[in-house]
Amino acid sequence: MPTKEEHIMMVAEKLFAANGYNGTSVRDIATKAKVNVSMISYYFGSKENLMEELFKWRMEEGLNFAKNILENNELNEIQKIDAFIDNFVNRVQRLRDFFLLVHTQQVISQNKNIQNFLRASKINYIEINQKIVEQGLEKGVFTIRPSYHLLQCTISGTIFNAMHGMKMYKEYLKKHNPDFDEKHYENQYFQEVRTHVKSIVRAMVGYKGE
């Protein structure tokens, strides 16, 4: 069960994604979360601080999982890469509201703390993937040393673009595929995203295994 603070952040996340940061008031959040405005002030101080804590919480959550993958000695290097991609896609599918906020904040945000959170998070992901690939190169699992910042750009950019284009691609598939399965479309779509990104990364690192 989420804590009271996490519950408030989850409600704020949905409202920020639906109405925008400026279009969402603290009172809107309190009403939707069924708490007093004073409770939000007690936990977060202000709407801006609430937004910052939301970003910090979600990004630390993702980074902790990535670090656990890096340190998992039961996985070989290609399994670590696959687990990293699987987790990334799962989080984007499950936390679409937050990742829409990430995109918005990268484009228009004036909040320097959030910009710093995003920058530090990206660098951490690059460094984690670099360590995994370097270990694979040493063992001969991989044969190509990629540009690590472009590796991360390829992973995150492909997944984010897939998220933003999902509705459009759905219309395309409905038009061109008479057997289109709308009920299971989303899960099938994100499974295709996982497979697609993994195939690209395998090519970038020169993985020759099965």
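A polar contact is a pair of N or O atoms within 3.5 Å; within protein, one must be able to donate a hydrogen and the other to accept it, and residues adjacent in sequence count only if both atoms are side-chain atoms. This is a predicted model, where local features need pLDDT of at least 70, side-chain atom pairs count only at pLDDT 80 or more, and totals for chains, interfaces and linings use all residues. Residues are numbered from 1 along each chain as its sequence is written, and side-chain values use heavy atoms, with hydrogens and water left out.

**View 1. Here's Asp82, in helix α5 (residues 77-94).** Helices are DSSP runs (H or I, at least four residues), numbered from the N terminus. Asp82 counts as buried because its relative accessibility is 15%, and buried means under 20% relative accessible area (1.4 Å probe, protein chains only). Its side chain makes a polar contact with the side chain of Arg202, at 2.9 Å.

**View 2. Now for the largest nonpolar core, with 60 residues.** Such a core is a set of buried Ala, Val, Leu, Ile, Met, Phe, Trp, Tyr and Cys residues joined through side-chain atoms within 4.5 Å. Ile29, Phe55 and Phe99 have the most contacts inside this core. Helix α4 (residues 47-71) gives the most to it: ten residues.

**View 3. Meet helix α7 (residues 112-139), all 28 residues of it.** Its buried residues include Ile114, Leu118, Tyr125 and Leu137. At the start of α7, a side-chain oxygen of Asn111 comes within 2.9 Å of the backbone nitrogen of Asn113. After α7 comes Gly140, with a positive phi near 80 degrees.

Notes: Buried means under 20% relative accessible area, exposed over 50%, partly exposed in between (1.4 Å probe, protein chains only). Helices (H or I, at least four residues) and strands (E, at least two) are DSSP runs, numbered from the N terminus. The expected span of a helix is 1.5 Å times one less than its number of residues.
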